[in-house]
Amino acid sequence: MPSSHDWINKPLGVVEAMFGKKTNAWKSTPFLCTYFCMFSFQVPSLNDVPLHYLKPNSLVKFRCLVQDMFDPEFYMGVYETVDPSTKANVLRCGKYKDVTECGVDLNSRNTVTAERQTFYCVPIPGESPWAKEISFLSAARVVPSTSYVPSRQKRSYEEDDDDMDTQPQKQREPHTEPHGNGDSKRQETEAPSSQTTTPSDCSSHLDLNFPLPGERGPACLVKVYEGLDSFKLNDTLEIYGILSVNPVLTVIVYPHRDPSLLLLNPTESMETPEEQRAHDPPASLVPRLHMLYARPLQHNNPLLPSAPTEDQSAFVSSFLVEMASVRAELLAYLTHVLLGDGLAAEYLLLHLISDVYTRRDVLPLGKFTLNLSGCPLNSYTERLYQIVQQLVPCSYRLSMSLHTMNSMRLVPKKDYVANRLVSGALQLARNTSLFLDETQLEQGQLDSSGVRNITALGNLISWQKVDYDFSYHQMEFPCNINVLVTSEGRSLLPSDCQVPLQPQVTPPNMEEYLTTIHMAQFTSQINKFRVYLSLARTLDYSISDEVTKAVEDDFVDMRKDDPQSVTAEDLHRMLVVARLLSLSLGQTTLSRDGWMRAKHIDMLRRSRTEQQKSLNGNEP
Amino acid sequence: MDRSKISTPTLRCFVETGPDHLCINVFSSVLPSEVDMSSPLMYGTPSSRVEGTPRSGVGGTPARQRPDLGSIRKAPQVDLHSEPPSADGAVASEQALGQKLVIWGTDVNVGTCKEKFQRFLQRFIDPTSNEDENAGLDLNEPLYMQKLEEISVVGEPVLNVNCSHVQSFDADLYRQLISYPQEVIPTFDMAVNELFFERFPDSILEHQIQVRPYNALKTRNMRSLNPEDIDQMITISGMVIRTSQLIPEMQEAFFQCQVCAFSTRVEVDRGRIAEPAVCRNCNTTHSLALIHNRSAFSDKQMIKVQESPDDMPAGQTPHTTIVYAHNDLVDKVQPGDRINITGIYRAVPMRENPRQSNVKSVYKTHIDVIHFRKTDEKRLHGLDEDSDQKLFTEERVQILKELASKPDVYDRLSSALAPSIYEHEDIKKGILLQLFGGTRKDFSQTGRGNFRAEVNILLCGDPGTSKSQLLQYVFNLVPRGQYTSGKGSSAVGLTAYVMKDPETKQLVLQTGALVLSDNGICCIDEFDKMSDSTRSVLHEVMEQQTLSIAKAGIICQLNARTSVLAAANPVESQWNPKKTTIENIQLPHTLLSRFDLIFLMLDPQDEAYDRRLAHHLVALYYQSEEQIEEEFLDMAVLKDYIAYARTYINPRLNEEASQALIEAYVDMRKIGSGRGMVSAYPRQLESLIRLAEAHAKVRFSDKVETIDVEEAKRLQREALKQSATDPRTGFVDISILTTGMSATARKRKEEVAQALKKMIQSKGKTPAMKYQQLFDDLRGQSEAAITKDMFEEALRALADEDYLTVTGKTVRLL
């Protein structure tokens, strides 16, 4: 059995050796899974280590989202080479390689053609700086097999490395303050400038097709050999594979006119330059990764054990004990953040752990879109987002200004010229928090793309799906995105639940107020919150027959009093609230108490919205 | 034979490139003088190897190259038993040799293959053929001989051959055709030309007849293409997404010596032309120059084809394939067309740069087209049936039939429909019947045109009664469904619009939702929010099932045989039970009468209902995994069931059912006539027939029987009870839907008008009155409450009688 050292340093050698021995044992996925899990921490990650520090043809891992799937390609699985000096034929394995050895005998009878597919993968969009930082630091504990030692100088290295990125990398600074507030603030203010400057710089370069503007990190062409059908678009994966940055790939091989031959081979000339650029970008910018094994990620929270192994269940059961106390602390924290509004904090907490856990025909179950109305203006929402960002591993704030709605591309669209799926901001990984800031919206005219964008957002909220534009038809991709809408009045977008914010305190200086709250939290505390939010979502949940009966009775009673006020929709919502409420307390079954609590807070919320209505109620 | 290796091309390379001696050995030992390697006709037995069309005497019909087949000329024949080549072959008689010779790398013997194909052409009869391109042919005569006759008349030298015919006639020949198309098709060409010119020795064609096989059963789906299909003949379906400009491809290069002006021709061989290094005439080296004008070129076009959306697994992106069309197939398809392509699947190694030692280990793949078949085009004539036929395996059909034989199949299916939506049984049943549709009938002979078979349904009701969800479900269920919201769609988006292609500057007709859902269901949400002009488009679609377009110089009529499933909200956001349907949703009655069924989705507000609803919802949220699994299965079965019934079942009315329908209609008319109003129109009868037919389809029955009529009646009654009940009298009044006003309302209107007239007359000679004053007076006088609307209506009625005019705030008598 090859040692982990061999695997990491010369995986191709291992593969060759096995090819020679004709064993197929290592191909079995469970074997590779346990095998890689064992030494996964030793494998350098493309997310953390700059590309030029990684040895070509070494084993690397990559945490990513499948952004596009290219057409399958045929390659020489087995081929024969002829040694020019000895004329001896040698059989070779073409798997996990981009180029062949010298002297391929194209006419050999032993050639076996095999099929593989290329996925275009990008780092998980909207990954929070803290998640990157933690996974980076934990990866840095092991020195990868290169001379690279992560240290302060890293930043300058990265800058001259990624010449395509003008935005200086701030989020990964090793000395980032633990609270990261000032840090993310800088980022926030810099983001627009980077957006405006990049196009001019970038136009000559490659568009790496990240779903979100201002993203950075390596994109990767992943060659997939096995289990093609098990992967889906927008899956988040941790891929273990062999890195290939062969410069041959970079040179676009145009057949030169050979004096003895007139080349009329059409296949190469048929690809448009755009297509070539999209499918064969220089390997120094978009490395190739030959997948040995991929693990689907349930979440990308580096604080949680990622594999559903025994450690995880041990971890979960140990954390369950603390659950209630962490919840109370988090609630207090959120209450402060929401200006002393406990009810809104409760709902925000429920929203943050919501998850589409199943679908019944077209109906997604478990989604819980929250509309926080009555938000104070003047950058309050921006601050709120930063706090949410600190808590969840993936998030994106979409400021719904007229300009962005009219100009931004939300829905991915197939570009038939370049033959790729041009990404849009709604191509997000599962459980990403999408923060829609409607307070930025002003009066004005939406043009047709603006209307399409709003419709797309509406569809996302109601059905948890995005209709990708394939020009001749649309294709529906289900998604699982937590949408939080902040608005002044009731949002123009649909939502599952609207909570008008009722500030209990009116701090004279909002900025200062929020910063102090934020600073008051210790990193360990925040980390606990992060674990709590990710964990609560993964818990199983069930409901007993007895409680089912009680719920039914309750509903009938409520309807009896006032059939107009309680509808099926209300029941839908209350069932979701009850579920989330139980989960937030670490309870995996619904109790009668849980149901009563859910009913109670929903009642409070409703009375508040009605109050709101009558306050601004000029309508008849 | 292990086809996963690219055996054929490698073998051929072997032959062509270096070690020619091997095969030449075979020949030189056997037929040293007769085998001319450069002869364009390398296939026949030695006796048939004559330049030009064999035995035709028509030297005027030139052979035409077939770039779609690649370079085929160099494939030599080998003796099957001559490996290793032995001297025995030399003594064999020529006749025996002919039997044994096969084309290198294959098991195809040219002579046998040709004979078999000629036999096929002369004998194949398919009495059950229902393909529309065979229209006008005598089905009991050999099909392809008739086609040859057609060729001699029309002069288009192309013979399309359905591979399934070949298969049913000679399975071995079919196998060879699929496995070695590059060798077998030229043999077919030869066979057909011999036959043709024997029969019609005097006909002159542009070039020799080319055989174009189609409908190879090898592959149906782009996703299932794999290395084993390389160099085989395949048929795939897909949608054209891009076509390139025409590319001239050199077929034959013309070289002239710069020194002595000696000229020579070199043919293209696998995309390469070997430039002669030495002039054969004057022996000067490197003196030959290519003369473009005198070289021969053929047309070529690159076409990109994308997998059709129906074939794709969820959550993946569609695959694309590059296709090359040659000669007259160029420009036959446009982006957006759905086509079936028959062709040869090719894989070419990435061209290696001679200066580079290692190469990319990837092949480029494409398909050389032999035959296109547009699936859209066919739909103009009739339903696209043959592409669906293969969807069902024997077992599947058995399962479906078993299901159909159950007595409660109707209830089962309707409850499988959108299980997450609670109750509304009748609505689900209505939608179920809509999914099946009626039987298509053609009355064009009698001048009536097509008789609509599609059932249209309107759902109206309070917001939040899961109307949208039902629409979404239906949209996801049917293969050709479209979902649009009335708010966002314009007339243009629904019908068709003309777009200028940025590349070619060509005007292209882009079809909208209604045309796209031809043979499917068009779901329109927020029907009430639709603008009037948009809605007016629907008038034609919903009755005539066609769409007329006159735009930017394009005038055409498209088929839009779509069922419409629409959902509308009441104008006052809450359904007002005191008003009629028309008043509640404010839609023109002309449009409403085109709906077969109009359902109200209201909140019934009673305790038992609430309890069931609560139970249903809670179960929805906490059902176990297995139950969910089970249901998914149901949806797949339901899909197949509907597809099967729509394709194969065409029920007709039997005698009893016709009688029952007549009775039902007469009864409906009678009810109304008793109260002095019309309660049924022929349209109701038509929709009754459609519903009955659909119900028979649900049972997989070829006869519409009384039970079907009973159910259709019941459903229609239920729908009418909900939507056409006059809120004032409580009676069902069809005129609410057909004329927009109930009979009682009309009567009342008249009464008010009369009362007003009387009042004005009683006032004596006052030429002008204040509007408000008059209204107050009338209100004071009348016992019943008079609304402003009623008052205005009365004024309008009187104005129509030329009794008075209303100008601004004053009313003048005339």
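Entry 1: I began with helix H18 (residues 568-584) of chain A and helix H21 (residues 607-621) of chain B, whose axes come within 10 Å and cross at roughly 35 degrees. Here axes are lines fitted to C-alpha atoms over the stretch in contact, with angles running from 0 to 180 degrees between N-to-C directions. Helices are DSSP runs of H or I with at least four residues, and strands are E runs of at least two, numbered from the N terminus. I then listed who meets whom: A:Leu571, A:His572 and A:Leu575 are among the H18(A) residues that meet H21(B), where the partners include B:Leu613, B:Leu617 and B:Tyr621.

**Entry 2: ground rules.** I noted that this is a predicted model, with local features needing pLDDT of at least 70, side-chain atom pairs counting only at pLDDT 80 or more, and totals for chains, interfaces and linings using all residues. Residues are numbered from 1 along each chain as its sequence is written, chains are lettered from A and ligands numbered from 1 in the order written, and side-chain values use heavy atoms, without hydrogens and water.

**Entry 3: chain A overall.** I found 19 helices and 18 strands in chain A. Of its 620 residues, 57% count as buried, meaning under 20% relative accessible area with a 1.4 Å probe, protein chains only.

**Entry 4: helix H17.** I checked H17 (residues 545-561) of chain A next: its 17 residues reach 25 Å from first C-alpha to last, close to the 24 Å expected at 1.5 Å a residue. The buried residues in H17(A) include A:Val547, A:Glu552 and A:Phe555.

Definitions and conventions
Expected span 1.5 Å × (residues − 1). Buried < 20%, exposed > 50% of the residue type's maximum accessible area, 1.4 Å probe, protein only. Contact = heavy atoms within 4.5 Å.
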